[in-house]
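Dear colleague,

Please find below the structure that I am handing over to you. My notes on what was found in it follow directly after.

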Amino acid sequence: MGAPSSPGFQLEQTFFGFKPEDRVALHESLFNLVWYGAGRWDWETLYTMPVYIRRFWIKKINKMTEEAEQRAEQQRSKQQSRQKQKIVKSPL
């Protein structure tokens, strides 16, 4: 038994595909990998990359970014403590 042949009949997708609302998240993750990957990959390479590898790199870049932010915060706190120590008070 086949599908009806009426012109208004639409079959549901029978293959894997993204819903329209999922495509935005996909392309945003691809953009972020291209942008924060510092030229490691081009868009086409990432688009054809297996999902599990793409997720690995997303996690890796997120971890590296968080570590860099922590180091920057430590540097800022060290500089602020040094500035406080340099303040000379009058002897009176």
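This is a predicted model: local features need pLDDT of at least 70, side-chain atom pairs count only at pLDDT 80 or more; totals for chains, interfaces and linings use all residues.

Together with Phe31 and Trp35, Tyr36 makes a nonpolar surface patch of about 420 Å².

As to the aromatic residues, the structure holds 4 aromatic pairs. One of them joins Phe31 and Trp35: the ring centres are 5.8 Å apart and the planes stand at 20 degrees, so this pair is stacked. A pair of aromatic rings is described by the distance of the centres and the angle of the planes. Phe56 and Trp57 also pair; their ring centres lie 5.2 Å apart with the planes at 75 degrees, so the arrangement is edge-to-face. Phe56 is partly exposed at 47% relative accessibility, and Trp57 is partly exposed at 29%.

The largest nonpolar core has 7 residues, namely Leu26, Leu30, Leu33, Trp41, Leu46, Met49 and Ile61. Helix H1 supplies the largest share of this core, with 3 residues. In soluble globular proteins, nonpolar side chains tend to be buried together. Which residues does Met49 touch, leaving aside those up to four places away in sequence? They are Trp41, Arg54 and Trp57.

Turning to the chain as a whole, the protein has 3 helices and 0 strands, and its pattern along the sequence reads α-α-α. Buried residues make up 11% of the 92 residues in the protein chain. The chain exposes about 8800 Å², of which carbon and sulfur atoms supply 56%. Among the contacts with a separation of 6 or more, 27% are between residues 24 or more positions apart.

Ala38 has a positive phi of about 55 degrees, although it is not a glycine. Most residues other than glycine have a negative phi. Ala38 is found in the loop between H1 and helix H2, the latter covering residues 43–48. Ala38 is exposed, with a relative accessible area of 64%.

Finally, there is the matter of charged side chains. How many salt bridges does the structure hold? The structure holds 1 salt bridge, in which the side chains of Glu73 and Arg76 meet at 2.9 Å, N to O. Side chains of opposite charge can pair when their charged atoms come close. Glu73 and Arg76 are 3 residues apart in helix H3 (residues 51–85), so about one helical turn separates them. Glu73 counts as partly exposed at 44% relative accessibility, and Arg76 is partly exposed as well, with a relative accessible area of 43%.

With kind regards

Definitions and conventions:
Residues are numbered from 1 along each chain as its sequence is written. Side-chain values use heavy atoms; hydrogens and water are left out. Patches are made of residues with over 30% relative accessible area and no salt bridge: like charges are joined within 9 Å, nonpolar side chains (Val, Leu, Ile, Met, Phe, Trp, Tyr) within 5 Å. Accessible areas come from the Shrake-Rupley method with a 1.4 Å probe; for residues, only the protein chains shown count as cover. A salt bridge is a side-chain nitrogen of Lys or Arg within 4 Å of a carboxyl oxygen of Asp or Glu. A nonpolar core is a set of buried Ala, Val, Leu, Ile, Met, Phe, Trp, Tyr and Cys residues joined through side-chain atoms within 4.5 Å. Buried means under 20% relative accessible area, exposed over 50%, partly exposed in between (1.4 Å probe, protein chains only). Helices (H or I, at least four residues) and strands (E, at least two) are DSSP runs, numbered from the N terminus. Contact means heavy atoms within 4.5 Å. Rings of Phe, Tyr and Trp (its six-membered ring) pair if their centres lie within 6.5 Å; planes under 30 degrees apart count as stacked, over 60 as edge-to-face and the rest as tilted.
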